[in-house]
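Trainee: I have a structure to go through and some questions about it. Can we take them one at a time?

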Amino acid sequence: MALTATMPVLMPARPERRADPWRALRTRPLATSGAAILLIWLIVILAGPRIATHDPLQQSLADRLSPPSREYLFGTDKLGRDLFSRVIYAARVSIPVGVMVIALAAAVGTTLGALAGFAGGAIDEALMRVTDVFLAFPPIILALAIAAALGPDLKNAMLALVAVWWPSYARMMRGVTLSIKQQEYVLASVAMGAGQGRILLRTILPNAVMPLLVLATVDIGGGVTAAAALSYLGLGVQPPTPEWGALVSDGAEALDQWWLATFPGLAILTVVLAFNLVGDAVQDFLDPRLRGT
Amino acid sequence: MTKADHRVGPDTALSRRTILKLAAAGAGAAAIGPLAGVRTPAAAQDAAPLIIGRNIDDVITLDPQVAGEETFTIVLRGCYDTLITTEPDDPGTIIPWLAESWETSDDALTYTFTLKPGIMFASGNELTSADFKFSFDRLRELKALPAYLMDPVASVEAPDPLTLVLTLNAPDAVFLTALCSSNFSAIDSAVAKEHGATDQPGADAEDTAVEWLSQNSIGTGPYILTGFTPKDRITMAANPTAWRAPAIPEVIIQAAADTSALKQMLERGDVDLAWGLLNEQIAELRDNPDIAVATTPMLGFIALGMTCDASRNEAVANPVVRQAIKQAIDYDGIRSLQEGALTPPSLVPIGLPGALDPATDGFKRDLAAVTAALAEAGYPDGFAATLATSATEIIGGVQLSLLAEKVRADLAEAGIDITLEIEDEEIFRPKYRAGDIDLVIGAWYVGYPNPFDLLDNWGPTGNVAINRFRWEAPDHPAVALLTEARSTIDATARDELVREAQRALLLDAPYTMLIQPVFSYPYRTTITGLVANPTWNFDPATIARA
């Protein structure tokens with residue numbers, strides 16, 4: 001098992017690692033607070049309309065640009081819409097978009113990576129050169145270019161982000177597949193006459209889930225930020241649908257109305273921070289060797 | 001070209017040119033001597049360039065016979081001159097500019113202009129009436145957006161170097177004011193031809209100078225254009241041969257990343273004046289003791305345009321639906337977005353002769369009437385349409401994209417489901433020009449201070465109405481009224497005809513006016529001489545260091 005010494009994450013998960021995840025969470029206060037924040041946001045997403053104090057699209061020009069008050073908890077924007085309600089409703093767009101982008105990128109990347117690693121040869125070469133091409137560009141610039149070419153729209157923005165995100169999953173999955181392919185128990189099942197599909201699905205994929213999960217949890221925060229960034233630049237969600245990046249963009253034009261950019265900015269901050277804390281904990285839990293790094 | 005390179009070039013050149021100019025002027029030059037010329041206050045104190053902060057995304061070309069939109073106005077004002085112009089602070093008064101005097105024939109068909117002698121182009125060539133003839137013919141033959149200005153003109157003749165004769169197709173009460181439009185500027189025909197310009201029929205295909213004229217200028221104005229980097233900056237330096245010298249010899253129009261960056265640049269003193277800030281930002285600047293604001297009412301409007309093309313959107317193309325949309329807009333709310341803003345009922349902005357009175361002729365929001373009209377038109381449950389506008393355009397401090405959100409909300413209350421298409425200039429502008437829109441928010445303000453600039457373009461036979469809104473109404477009653485008005489010399493009778501035409505347009509025209517904002521130019525009090533003007537915004541050459 002010389003391979004595992006240099007590629008720790010590639011080890012097949014051992015049963016004892018599946019120790020109580022809740023206990024693991026409890027012993028990590030930072031991760032616990034991260035999980036708590038995510039739980040709060042989950043409630044906000046599910047119960048948004050009950051929490052919001054106003055219709056997020058209702059304009060009230062007489063109250064435009066009011067500072068935070070009892071009536072408008074986070075103040076109002078340039079058209080007199082309640083910012084608190086807009087931030088709440090925006091969570092229902094921004095967080096699911098970030099999660100979905102990563103989920104889709106992981107699905108696409110994993111499939112292609114496994115295919116490349118398992119098939120090898122020309123297919124491997126072709127797929128890896130394609131990932132090279134994607135990885136050669138700065139991701140956000142490439143996403144901007146794709147989103148701009150497709151036209152400003154939420155679906156296009158997500159497509160653009162998936163397009164720049166999948167190669168890192170494909171790369172990882174290919175590495176995992178290549179190393180597992182050499183493991184004795186895989187060779188054993190080949191010897192026993194298992195079909196290729198069975199080996200891929202039953203032997204290799206389950207062993208790749210853990211590194212995949214680690215990468216994905218750490219990435220989700222980045223997904224939320226990247227989606228917000230595209231919307232900030234006007235390439236994501238189109239108005240009047242509230243979205244955090246677009247809300248910050250509105251506020252950036254009126255710095256004297258500090259509340260416009262501050263509250264949606266804080267929303268992004270808390271969510272990304274929480275995802276990162278939880279992601280770190282998941283990483284530690286699944287791979288103790290990386291703890292503290 | 002780096003900033004440092006840029007500053008060295010024109011400055012050294014300028015000193016030399018200043019000397020030449022003083023020597024050429026002759027008046028006591030021998031006594032003063034060339035060295036004294038270098039050390040004049042103009043060269044020492046004003047050495048710092050005038051920096052204008054401005055989003056220049058709208059600039060496609062700076063060729064005077066092609067240019068349109070907004071930013072070009074100050075560049076053309078700086079680099080070129082027209083025959084006549086209006087008083088900077090009184091758009092109603094026409095004054096001589098490159099023409100010394102002019103005469104109108106008794107039948108009001110022939111205008112004879114006498115040019116000022118001794119006017120020089122930057123190349124050293126002397127301006128003659130042939131240059132004007134070349135420029136005017138080129139304006140017509142290039143068939144670009146401003147070519148319509150030449151429509152009333154039958155012929156341009158240059159019988160001698162200082163005489164220019166313009167013959168019209170029909171008597172035209174508007175023509176003299178239209179001649180003040182900067183698209184009627186003179187270009188140096190000799191240099192223009194060297195760079196591929198032509199005034200012959202077919203110029204729209206054969207003229208190859210437009211690109212070159214975006215980087216260089218060949219006019220008689222106080223400045224010469226020294227560079228244009230799209231979306232970044234436009235630079236101008238003093239024209240050594242100009243007949244009116246600028247107070248500050250170098251101008252930089254510098255783009256900022258966005259309006260808040262532009263506002264900060266003004267507050268920090270990185271720019272001397274900021275053009276294109278938001279209304280809310282200008283309000284915040286009013287408390288700053290280092291900053292003053294020059295204002296002038298906009299002679300134009302921001303309008304909601306609607307397509308008449310049923311293949312684009314059947315509902316919007318229905319005249320009854322369009323009338324309903326006009327009554328669904330909350331005009332009072334939109335006006336409240338800016339202090340001092342107005343709502344012109346129709347095409348003629350308030351402040352120009354022939355404007356309608358908003359109190360009696362303006363649309364009022366009436367949702368009950370809208371519901372009834374939509375039901376009558378066969379859309380009792382409303383309908384869907386797209387509303388396009390520019391993501392970055394700000395007219396008179398009003399963000400077009402913000403207006404789009406307001407209009408969307410207003411129409412939503414009437415059961416009309418609007419999808420917004422708020423897009424960058426380079427995507428939105430071609431779409432708008434091609435009429436590839438259901439609903440659109442666009443703006444227009446006069447290129448010369450006369451209602452006909454708006455009536456010609458937006459009226460039933462106008463390029464905007466036909467190409468952008470696909471309105472085909474050559475027999476509309478307004479057409480005859482406007483034709484009659486154009487040839488009516490008596491001002492009172494003409495204004496009444498213009499009003500009558502607009503009343504005929506109110507319900508039928510495929511647009512409704514949303515707001516007539518105020519133009520504001522916040523500037524640092526370290527500069528003086530900024531005169532806000534509703535057609536050319538301001539003249540950079542009159543701005544001096546305080």
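Trainee: In which loop of chain B does Lys231(B) lie?
Mentor: This is a predicted model, so the values are computed from it. The phi of Lys231(B) is near 65°, a positive value in a residue other than glycine. Lys231(B) lies in the loop between β8 (223–229) and β9 (233–238) of chain B.

Trainee: Is Lys231(B) buried, partly exposed or exposed?
Mentor: Buried requires under 20% relative accessible area and exposed over 50%. Lys231(B) has 44%, so the term is partly exposed.

Trainee: Which strands stand at the edges of the open sheet in chain B?
Mentor: The sheet has 4 strands in the order β4-β5-β7-β6, with antiparallel pairing. An edge strand has a single partner, so one of its sides is left without a neighbour in the sheet. The edge strands are β4 (99–104) and β6 (153–160) of chain B.

Trainee: Which residue in β7(B) does Val156(B) stand opposite?
Mentor: β6(B) and β7 (residues 163–168) of chain B run antiparallel and are joined by 5 bridges. Across this pair, Val156(B) stands opposite Leu166(B).

Trainee: At about what angle to β6(B) does helix α6 of chain B run?
Mentor: Helix α6 covers residues 129–141 of chain B. This helix lies across β5 (110–115), β6 and β7 of chain B, and its angle to β6(B) is about 160°.

Trainee: What is the relative accessible area of Leu42(A)?
Mentor: Leu42(A) is found in helix α3 (residues 29–51) of chain A. With Leu39(A), Ile43(A), Leu46(A) and Ile51(A), Leu42(A) makes a nonpolar surface patch of about 480 Å². Leu42(A) is partly exposed, and its relative accessible area is 44%.

Terms used
Residues are numbered from 1 along each chain as its sequence is written. Chains are lettered from A and ligands numbered from 1 in the order in which they are written. This is a predicted model: local features need pLDDT of at least 70, side-chain atom pairs count only at pLDDT 80 or more; totals for chains, interfaces and linings use all residues. Side-chain values use heavy atoms; hydrogens and water are left out. Patches are made of residues with over 30% relative accessible area and no salt bridge: like charges are joined within 9 Å, nonpolar side chains (Val, Leu, Ile, Met, Phe, Trp, Tyr) within 5 Å. Accessible areas come from the Shrake-Rupley method with a 1.4 Å probe; for residues, only the protein chains shown count as cover. A salt bridge is a side-chain nitrogen of Lys or Arg within 4 Å of a carboxyl oxygen of Asp or Glu. Helices (H or I, at least four residues) and strands (E, at least two) are DSSP runs, numbered from the N terminus. Buried means under 20% relative accessible area, exposed over 50%, partly exposed in between (1.4 Å probe, protein chains only). Two strands pair if DSSP finds at least two bridges between them. Contact means heavy atoms within 4.5 Å. Axes are lines fitted to C-alpha atoms, for helices over the stretch in contact, and angles run from 0 to 180 degrees between N-to-C directions.
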